[in-house]
Amino acid sequence: MQYFQAVQQGKQRASKSQMKMFEASGFGMLTLTTKKIDGKFHPVGEEEFTAVINSPDGYVAIIADKDGFTKAQSKAVKMEEALLIYEKLRESGIPEYPEKQIQIWSETRPTIQNEISE
C-alpha cells in the first residue's frame, strides 16, 4: 500500500475513534493514522481497544488498534477523570487493550489502568 493510501484509510478509521472519544470525554484528539511495520506503512487498524496512559501533562484515556497504535486520545486530565473516561469507553463496548504498552506519536508508553484500579 502506498503511503498516501495508508494515510487516507487510517484517517477514516482514526476519525471514527476520535468521535467515540469525543462522546465519552467531550474532547477527542486524533493521534496516529498510520503505522510502520517492517519498513512499510499501513493504516491503523479498524479494531478499537481502550487504556489509560500517563503523559507529561497528566493522564490520558486512549483508543488504540490491536497492535497498540493509538488512534485517539482524551486531553490530559487528573487520574480519576481519565479512569472515568476509560470506564465510559468500556461501557460503550470498547474492550480493554490487553497488552502493557501502546505506541503514541513516536513514543512507547505503558498502560496503567490496571495498576491504578486494583
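Biologist: What is the relative accessible area of Trp105?
Modeller: The model is predicted, so local features need pLDDT of at least 70 and side-chain atom pairs count only at pLDDT 80 or more, whereas totals for chains, interfaces and linings use all residues. Residues are numbered from 1 along each chain as its sequence is written, and side-chain values use heavy atoms, with hydrogens and water left out. Buried means under 20% relative accessible area, exposed means over 50%, and partly exposed lies in between, for a 1.4 Å probe and protein chains only. Trp105 is partly exposed, because its relative accessible area is 46%.

Biologist: Where does Trp105 lie, and what is its phi angle?
Modeller: Helices (H or I, at least four residues) and strands (E, at least two) are DSSP runs, numbered from the N terminus. Trp105 is placed in the loop between strand 7 and strand 8 (107–110). Although Trp105 is not a glycine, its phi is positive, at about 55 degrees.

Biologist: Is Asp38 buried or exposed?
Modeller: Asp38 is found in the loop between strand 2 (34–37) and strand 3. Asp38 is not a glycine, yet it has a positive phi of about 55 degrees. Its relative accessibility is 77%, so Asp38 counts as exposed.

Biologist: How many aromatic pairs does a search of the whole structure find?
Modeller: Rings of Phe, Tyr and Trp (its six-membered ring) pair if their centres lie within 6.5 Å; planes under 30 degrees apart count as stacked, over 60 as edge-to-face and the rest as tilted. With the whole structure searched, the number of aromatic pairs is 2.

Biologist: What is the angle between the planes of Tyr3 and Phe41?
Modeller: A pair of aromatic rings is described by the distance of the centres and the angle of the planes. Tyr3 and Phe41 form an edge-to-face pair, 4.7 Å centre to centre, and the angle between their planes is 70 degrees.

Biologist: How many residues apart in sequence are the parts that this pair of Tyr3 and Phe41 ties together?
Modeller: Tyr3 belongs to helix 1 (residues 3–25) and Phe41 to strand 3 (residues 40–43). Tyr3 is partly exposed at 48%, and Phe41 is partly exposed at 31%. The pair therefore ties together parts whose separation in sequence, in residues, is 38.

Biologist: Are Phe49 and Tyr97 buried or exposed?
Modeller: Phe49 and Tyr97 form an edge-to-face aromatic pair, 6.1 Å centre to centre and with 75 degrees between the planes. This pair links distant parts of the chain, 48 residues apart: Phe49 is in strand 4 (residues 49–55), and Tyr97 is in the loop between helix 2 (79–91) and strand 7 (101–104). Both Phe49 and Tyr97 are buried.

Biologist: At what angle do the axes of helix 1 and helix 2 cross?
Modeller: Axes are lines fitted to C-alpha atoms, for helices over the stretch in contact, and angles run from 0 to 180 degrees between N-to-C directions. The axes of helix 1 and helix 2 come within 9 Å, and they cross at roughly 120 degrees.

Biologist: Which word describes the direction of helix 1 relative to helix 2?
Modeller: Angles under 35 degrees count as roughly parallel, over 145 as roughly antiparallel, 65 to 115 as roughly perpendicular and the rest as oblique. The crossing angle of helix 1 and helix 2 is roughly 120 degrees. Helix 1 is therefore, relative to helix 2, oblique.

Biologist: Which residues of helix 2 make the contact with helix 1?
Modeller: Contact means heavy atoms within 4.5 Å. Helix 1 contributes Lys20, Met21, Ala24 and Ser25, and helix 2 contributes Ile85, Lys88 and Leu89.

Biologist: What is the relative accessibility of Gln73?
Modeller: Gln73 lies in strand 6 (residues 70–73). Beyond its neighbours within four places in sequence, Gln73 is in contact with several residues, among them Met21, Val60 and Trp105. Gln73 counts as buried, because its relative accessibility is 10%.

Biologist: What distance separates the C-alpha atoms of Val60 and Leu83?
Modeller: Val60 is in strand 5 and counts as buried, at 3% relative accessibility. When neighbours within four places in sequence are left aside, its contacts include Ala51, Gln73 and Ala82. Val60 and Leu83 are 23 residues apart along the chain, and their C-alpha atoms are separated by 8.7 Å.
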